[in-house]
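Please look over the structure shown here before reading on. The report below is meant for someone who has not seen it before.

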Amino acid sequence: MFDDFFIRALVAGVGIAIVAGPLGCLVIWRRLSYFGDTLSHSALLGVTLAYSFSLNIAFSVFVISAVVALLLVSLQKRTKLAGDSLLGLLAHSTLAIGLVLIGFLSYIRFDLMGLLFGDILAVTTADIGLVWIGGSIILIILYFIWKSLFSATVNYDLSAAEGMRPEVSNFIFTLLLAGVIALSIKMIGALLITGLLLIPAAIARNISSSPRQMIIIAILSGILSVVVGLFASLEINTSSGPSIIVVALILFIISLVPLEIKGQLQKR
Amino acid sequence: MNENNNLLVRLKDCGVQKSSKWIVKGISLEIHKGKIVTLIGPNGSGKTTTAKMALNILKSDEGSIENYSTKMAYVPQKISIDWTMPLRVIDFMNLTSHINKDEIIEALELTGVQHLIYNEIHNLSGGEFQRVLIARAIAKKPDLLVLDEPVQGVDFNGEIALYNLIKEICTKLNCGILLISHDLHFVMSATDHVICLNGHICCSGSPKSIVKNSSYIELFGEHNAATLSLYQHEHDHSHQTDGSVKS
């Protein structure tokens with residue numbers, strides 16, 4: 001019934017949703033959504049560099065995202081600009097550099113739409129391996145630094161005082177975020193990756209009452225978005241990234257219903 | 001017992017500088033097992049900064065810090081938990097170490113909030129949350145406990161009970177306590193060593209000796225000082241607006 005490429009996209013997409021769940025929760029808790037956006041915008045530069053020097057796309061995106069994250073930290077120390085201004089500066093300048101470089105690479109046929117919004121046709125068997133192996137590594141690292149990362153999210157001083165070394169886990173977390181963006185750029189596209197991080201976690205926040213529950217629901221709603229989104233993408237011939245995000249949005253709206261009912265009941 | 005075996009933290013001439021201004025300077029203090037050291041002083045006098053140096057959160061820009069503590073617990077002054085995180089009291093109790101449920105309940109019982117164990121943190125009142133914070137620190141069974149204004153927002157009766165609990169915990173766990181408090185009655189009646197801060201150490205010593213000290217009287221005013229002591233001495237130094245000593 002399904003073509004091979006579709007199965008590949010499905011397997012890769014589910015893998016991404018599993019990794020994006022816990023990381024997305026942390027992005028929401030730490031109010032880092034704009035930071036995620038900046039990293040994913042810079043991912044486009046990573047892709048063009050990968051084409052220019054024929055590097056692995058995921059590797060190149062990871063390196064560029066990590067460099068941008070480090071740049072941000074050093075700019076924050078050197079300038080008096082607020083964090084959000086610096087993020088905007090980095091996001092749009094790296095996006096612009098990426099697009100300018102694409103112009104220079106006219107000898108390569110580029111699927112710009114694919115880069116920005118994801119292309120399921122582009123998912124190869126090697127990509128599946130990358131997503132699942134890379135994703136497993138991210139989750140294993142996350143498991144080991146979880147206590148430190150989570151306590152620092154609640155209160156940095158408390159975490160530092162009680163020997164959790166939050167400065168180390170914060171740094172590693174930045175790299176993990178760069179990692180998940182690198183893994184998902186082909187599927188979701190540079191402009192929409194943050195959506196896959198944020199929306200499932202936002203859905204989960206609406207209907208969960210403990211951190212663990214929120215992570216599990218984020219993973220499940222991420223998987224549901226990917227599966228339904230990809231089917232829709234196949235049926236009505238739309239880009240995979242936007243289709244997945246639209247499904248996630250619909251799930252988010254549905255997740256508001258229990259909140260509303262609860263609110264109404266409390267009023268009575 | 002050997003004096004040094006009981007030493008948990010020693011600050012020697014420590015200070016913290018922020019954009020070329022000293023927040024605190026020349027801080028020396030020692031915290032020993034089973035003893036309560038209290039920091040008192042006006043707002044902005046560097047109490048929290050000093051506590052953070054003792055906890056290794058802040059690095060000292062001068063002097064040296066020796067920390068022999070193996071397990072520290074901290075009750076920060078203000079902590080706001082984002083509503084984006086669904087955090088229950090029980091999750092919060094396990095924040096930095098894994099504590100089994102019986103011990104969690106026991107600690108929450110001590111501070112009188114065991115009934116809130118499955119409540120979401122952001123639904124608690126200020127006083128209730130403060131009790132949870134103290135319970136969490138106690139449940140860790142630390143050898144060094146740092147409490148930064150631990151009873152803020154707690155009702156009057158609760159305040160006394162919590163202070164008694166802190167004193168009790170100190171003896172029971174034989175842990176060293178660094179306490180920041182504005183409650184001079186408790187400070188004077190229950191602590192072993194009082195340090196009076198205002199950007200530097202104005203005076204320090206046992207509660208008995210401190211109430212006689214002129215710097216203490218100057219910092220807290222005649223009235224407050226008089227409620228605890230009738231003695232008065234000559235001022236040996238006075239302060240400029242930034243807290244430094246006039247020469």
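Predicted model: local features only at pLDDT ≥ 70, side-chain atom pairs only at ≥ 80, totals over all residues.

Residues are numbered from 1 along each chain as its sequence is written, and chains are lettered from A and ligands numbered from 1 in the order in which they are written.

**The core**

A nonpolar core is here a set of buried Ala, Val, Leu, Ile, Met, Phe, Trp, Tyr and Cys residues joined through C-beta atoms within 7 Å. A residue is buried if 20 or more other C-beta atoms lie within 10 Å of its own, exposed if 12 or fewer, and partly exposed in between, with C-beta atoms placed from the backbone. The largest such core has 157 residues, and those with the most contacts inside it include Val61(A), Ile181(A) and Ile177(B). Helix α1 (residues 4-29) of chain A gives the largest share of this core, 13 residues; helices (H or I, at least four residues) and strands (E, at least two) are DSSP runs, numbered from the N terminus. Two residues are in contact if their C-beta atoms, placed from the backbone, lie within 7 Å. Leaving out residues up to four places away in sequence, Val61(A) touches Ala43(A), Gly46(A), Val47(A), Ile181(A), Ala182(A) and Ile185(A).

**Helix packing in chain A**

Axes are lines fitted to C-alpha atoms, for helices over the stretch in contact, and angles run from 0 to 180 degrees between N-to-C directions. The table sets out two pairs that involve helix α2 (residues 33-52) of chain A.

| Helix pair | Axes come within | Crossing angle |
|---|---|---|
| α2(A) and α4(A) | 8 Å | roughly 20 degrees |
| α2(A) and α3(A) | 7 Å | roughly 135 degrees |

Angles under 35 degrees count as roughly parallel, over 145 as roughly antiparallel, 65 to 115 as roughly perpendicular and the rest as oblique. Helices α2(A) and α4(A) are therefore roughly parallel to each other, whereas α2(A) and α3(A) are therefore oblique to each other. The residues of the contact of α2(A) with α3(A) divide into 12 nonpolar, five polar and no charged; in this scheme Ala, Val, Leu, Ile, Met, Phe, Trp, Tyr, Cys and Pro count as nonpolar, Asp, Glu, Lys and Arg as charged, and the others, Gly among them, as polar.

**Chain B and its contact with chain A**

Chain B has eight helices and nine strands, and of its 247 residues 45% count as buried. The contact between the chains takes 20 residues from chain B and 20 residues from chain A. On the side of chain B, strand β5 (residues 72-75) supplies the largest share, three residues, and that side divides into 13 nonpolar, two polar and five charged residues.

Thr84(B), placed in the loop between β5 and α2 (89-93) of chain B, is in contact with Ile28(A), Trp29(A) and Arg205(A), leaving aside its neighbours within four places in sequence. Thr84(B) counts as partly exposed because it has 18 C-beta neighbours inside 10 Å.

**Backbone angles**

Most residues other than glycine have a negative phi. Asp13(B), in strand β1 (residues 7-18) of chain B, has a positive phi of about 50 degrees although it is not a glycine. Asn174(B), found in the loop between α5 (156-172) and β7 (176-180) of chain B, also has a positive phi of about 50 degrees.
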